[in-house]
Protein chains: 4
Amino acid sequence: MGRLFVVTTFGESHGVALGAVVDGCPAGIPLIVSDVQRQLDRRRPGQSALTTSRAEKDKVEILSGVEKGVTLGTPICLMVRNMDQRPGDYSTFSRIPRPSHADLTWKLKYGIIASSGGGRASARETVARVAAGVVAQKFLGVGHGVEIVAWVSAVGKVEMADIADNPPCRDEVDSTDARCPDRTCAKKMASEIMKARKAGDSVGGVITCVCSGVPPGWGEPLFEKMQAMLGAAMLSIPAVKGFEIGAGFKSARMRGSQNNDLFVRKSGRIGTVSNRSGGIQGGISNGEPIVMRIAFKPPATIARPQKTVDCDGNPVILEASGRHDPCVVPRAVPVVEAMAAIALADAALMAE
Amino acid sequence: MGRLFVVTTFGESHGVALGAVVDGCPAGIPLIVSDVQRQLDRRRPGQSALTTSRAEKDKVEILSGVEKGVTLGTPICLMVRNMDQRPGDYSTFSRIPRPSHADLTWKLKYGIIASSGGGRASARETVARVAAGVVAQKFLGVGHGVEIVAWVSAVGKVEMADIADNPPCRDEVDSTDARCPDRTCAKKMASEIMKARKAGDSVGGVITCVCSGVPPGWGEPLFEKMQAMLGAAMLSIPAVKGFEIGAGFKSARMRGSQNNDLFVRKSGRIGTVSNRSGGIQGGISNGEPIVMRIAFKPPATIARPQKTVDCDGNPVILEASGRHDPCVVPRAVPVVEAMAAIALADAALMAE
Amino acid sequence: MGRLFVVTTFGESHGVALGAVVDGCPAGIPLIVSDVQRQLDRRRPGQSALTTSRAEKDKVEILSGVEKGVTLGTPICLMVRNMDQRPGDYSTFSRIPRPSHADLTWKLKYGIIASSGGGRASARETVARVAAGVVAQKFLGVGHGVEIVAWVSAVGKVEMADIADNPPCRDEVDSTDARCPDRTCAKKMASEIMKARKAGDSVGGVITCVCSGVPPGWGEPLFEKMQAMLGAAMLSIPAVKGFEIGAGFKSARMRGSQNNDLFVRKSGRIGTVSNRSGGIQGGISNGEPIVMRIAFKPPATIARPQKTVDCDGNPVILEASGRHDPCVVPRAVPVVEAMAAIALADAALMAE
Amino acid sequence: MGRLFVVTTFGESHGVALGAVVDGCPAGIPLIVSDVQRQLDRRRPGQSALTTSRAEKDKVEILSGVEKGVTLGTPICLMVRNMDQRPGDYSTFSRIPRPSHADLTWKLKYGIIASSGGGRASARETVARVAAGVVAQKFLGVGHGVEIVAWVSAVGKVEMADIADNPPCRDEVDSTDARCPDRTCAKKMASEIMKARKAGDSVGGVITCVCSGVPPGWGEPLFEKMQAMLGAAMLSIPAVKGFEIGAGFKSARMRGSQNNDLFVRKSGRIGTVSNRSGGIQGGISNGEPIVMRIAFKPPATIARPQKTVDCDGNPVILEASGRHDPCVVPRAVPVVEAMAAIALADAALMAE
């Protein structure tokens, strides 16, 4: 992924290790293990009552590209060894593909439902993305003053008011288990998640992400528009089904006179009064904060019985056991931040 | 754009010609000028009362890659000469950037608001995409039996019922000026557009696109998930602000037990009862139709006076003249079909 | 070809047109038709007694990316229409593949020996490269002060003394039909070529290319070393069989104490006393001129009878008719310059 | 490196670890640690009297992409931890750049001569290439019956007769320390190397590489010709200064009637009598063995005093200490095999 800031990930859920190689990060950026560890800890399972009980410690090691706490300009390899492997949990799914899960398509494409090749692989693979994303965030922060923050803005039908114009800091986001900075709303979300868990069910949600400090001029005018790169990054996260930039689908319901962001003189630059463009015009950043909303479907693996068929087409009732998240959005917050950072870092290098 | 089915476009709105080079299309695919011309005619301005009065004939010429009506496997160059150039129409915008338009970001990035470099350029550039998309559609149709159809499913607040499970054919779509196959709805949409035009305003809309016949196994499991490639393709179309695959943002409001697509035996394969996944699971096509919704904002150029600032930050009232679309979605239908086809053609070659 | 300075070519020898799209050239570079035409005229057939009698005028048209003689930063499309098409000349070769020619491999790969798809296609395709190379040379010249000159340094067994340390200008190169700046040597080369033609035969040769003014720091340290990019560019020219940077194969015969380029203070920078490195150390330009030698085999199509087999494996005697070059190196000089420029332009953008 | 068979390497000479991620290798290819270890042992230092005394064990670990000895189709990460790190050895070179070494260009490009970022880094980085090359060789061997063997065909002025038509096996190559299958010649080479070492000097050499069993049809007709991809791969190896395919520079001295490879019926296919094309015609493999010659310069780091200047341009006499190879070609044999395999594996996937 990426043209100049290139991220390659590796690793299976039940293999030896997962990791990422980041190629293209400039020399001289401060980077230490604890920078990476902090975001991994926000993603790791078992961190609160709202997440799966699988307890991976996910300790990261920096194998290359960094010397004395500073990047060298060479490829940076970040590795996390797997600890809590229980391949046995997934044996059922090689016969009965889980509805709305990758089990069947993987089998149709590769001929196998490998416990390590598929299954939970996809979601666990985000460990590598979060690690790589920290490198991108350090580069963007140190080199360009960009700050990225994401939070849970909806869980099921519980929706939080839009605060993209005045985004919280990460500590505020982390102050609730639901990673929603509005405490009242966060309680309702937590309750929604716990209800779903008790019902053996799962629930979807929405994450809002704001990138502040992006200078004007990032993004390419044609196929690599800034929103196309960000959209592709987000839509490559497991369970994402929708993406909006700025006013998104709401724009489609508006008149131009309502939707247009009028220009106004701001300190030292021309800014906009409103930000329905979400910080991007014509595919290129305009200096206003970049605002995105990302829709996550409810996790496919549920404990409730499902009337489906096995690989041979025979009707079966599937009741999944194992340890699964009833809702992914609280843990997906650092993943969204990582993907935003990787897409922006690439755009930053392209614009230089 | 693309890894194996690679499309390069060229041309400015007011330059000599626009076009596309398609590299990677296999040999032996039937392709004649009228195939391309048909889709260009669906995109061209001046085709109905709902579009701009700029009347480009947009005659396409095939310069290479085709002999005796069949592709050779070599790069295919498709060219459309510009006829109706009036660069003068855009001189104002080099001083006063249009709100929510690319004028300012282009100037910030490249230092110039060239009448031919920026301005309407971006939207006119879709001529090249439509032409390239026809090559992709021929390859997908002949080689794989894939059919792609898009239609207008919303204009402003007028929304059509969801018919993705039973999509219309292109003739049905074209039977109304609004390119909405529901005639009652189409009338309301046309009225909505005419009202906006009379008010010197513009209006947004939504296009739904269904790709039938996509075999299981297209799309890559990590960064190049099928929905990520389709999302990037759609978000690279000018004015697109949102993208959904399958149930999209609705999924975020659902429980897993409501959202999951249960498997069922279909003729010769395992299919799903519902299609909230939109034909993609785990980033890979599952054999069901691929269903997308794409949100277009209202065109930024409106005749109504806008209180904004010029390039120096001085307050001005901008009243745009010139010939502009009050709503882009009717003409954007073939553009959406083209981008879907280009992304799918690349995935098809990757999967082989 | 290229990561940031991306060149796409199109066109078949006997099709409608050939051309190139150059994507990534910065805005503001002066470029007019005659710049391109001059190099095309140096490449075109029929320019002297030493070349084929096929007389293409090869008039170039700039379709996009340039306004008022200056690049816009958008893709530049350059097109040359074919005039002198005689597909009939090549009909024999669809049955009897020419030895050491692409006829057979093309047929094995694509299933057809198309008169327009294969055959002379490959060599004529260099029209597009020369055109694209002019854009690269203008960018390198205006933006970076880089000058590129190539000349014929050997034809068959006639070899010219090494003058890479003091390269000629293009006018000196063009002062002889053989494009060899040493007039005595040039006469011998011309005689060698005429002898081969009279014998119904062909002859190989070597081109030396020097790029002066390349600043230190171009080229990437690992897979995209400057010499790897230049080597790939040259080895993609039809008929090229060998590539050397600096002392090349001679280095393999030397001791380190003979081969090393000792450093010395030069005006304002650290230079080297000798230039056996050919301007590149560790894959990165060092500020000395980049020096390459490129070996071309004799053209495969000869009039002398050849004892070979047809596509079915039956023994035949092949005697080719038609108009063919007895030696490609005089006309290949601008092609070598173009490929050097394209590779360097990409490295320049990567280094910025 | 690569479009479909993508190799990313990481690691510095004096960092924690080196390695490679191979993305694109199909599932189902047998791969075990000892496969990789065997080639690493052929590359490792300290293996014979002809190499440096730095004794890295270079034990490889497979971190991902392989389960039960078979590839999964997911990215394969191979890692080698560094053991024998002595950064102190290189401190001098941060002040006095070694002639014909990357020290100065690295400093000019990145601003630092990091002991771990530059210096010996480049040569040690080939550990990762050798490891990745084994994956490519297994894929080519199992999937396509391709066999790759390289040997030392020249050291300084000692040249071995051409045996490309009848290449040795790897055991024969390894039967001498010089990795030259001709024992008489190998003795002379060993003596040449020992003489250079005693003189505090170094010496260059040539490696010949033959790839047998490559089916017709690999390679792309334009910029990604098979020889261009192989040439770029070889020229990206540290110290390589020249590359020939087939008869190479000798072709330039020949007439077409001498150089052409006449076709002949071979068992079940059309082959060629001679192989001056080196297995490639028109950029596409023709079914004959692919034959290459690669020129390596003498190592730049020598113990003999060199009259040069330091980073400030002040004259100094540089006498390098430390442990260095007097000649790289014996150890470079598996590196050449690896690069050939990686380029061919990519071409194989492109051709499918």
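Mentor: First, how to read the names and numbers. This is a predicted model, where local features need pLDDT of at least 70 and side-chain atom pairs count only at pLDDT 80 or more, while totals for chains, interfaces and linings use all residues. Residues are numbered from 1 along each chain as its sequence is written, and chains are lettered from A and ligands numbered from 1 in the order in which they are written.

Now your helix. Helix α1 of chain C spans residues 33-43. Helices (H or I, at least four residues) and strands (E, at least two) are DSSP runs, numbered from the N terminus. The buried residues here are C:V36, C:Q39, C:L40 and C:R43. Buried means that 20 or more other C-beta atoms lie within 10 Å of the residue's own; exposed means 12 or fewer, partly exposed is in between, and C-beta atoms are placed from the backbone. These four residues lie on the same side of α1(C), because they cover an arc of only 105° around the axis. The arc is that of the directions from the helix axis to the C-beta atoms. An α-helix has 3.6 residues a turn, so residues three or four places apart point the same way. On the other side of α1(C), C:S34 and C:R38 are exposed.

Take chain A. There, four strands form an open sheet in the order β1-β2-β6-β3, with antiparallel pairing. Strands pair if DSSP finds at least two bridges between them. β1 (6-10) and β3 (60-64) of chain A stand at the edges with a single partner strand each, so one side of each has no neighbour in the sheet. Neighbouring strands are turned by 20° against each other on average, direction ignored. Axes are lines fitted to C-alpha atoms, for helices over the stretch in contact, and angles run from 0 to 180 degrees between N-to-C directions. Six bridges join β2 (residues 17-23) and β6 (residues 76-81) of chain A. In one of them, A:A17 has A:R81 as its partner. Helix α4 (residues 126-144) of chain A packs on this sheet and touches β1, β2, β3 and β6 of chain A. The direction of α4 makes about 30° with that of β2(A).

Next, α10 in chain B. Helix α10 (residues 329-351) of chain B lies across β7 (147-155), β9 (205-212) and β15 (290-296) of chain B. This helix runs at about 140° to β7(B). Those strands belong to an open, antiparallel sheet of 10 strands, ordered β8(A)-β7(A)-β9(A)-β15(A)-β10(A)-β10(B)-β15(B)-β9(B)-β7(B)-β8(B). The edge strands are β8 (158-159) of chain A and β8 (158-159) of chain B, each pairing on one side only. Where do chains A and B join in this sheet? Three bridges link β10 (residues 240-245) of chain A to β10 (residues 240-245) of chain B, running antiparallel. A:E244 has B:G242 as its bridge partner. Across the two chains, 78 residues of chain B are in contact with 78 residues of chain A.

Notes: Contact = placed C-beta atoms within 7 Å.
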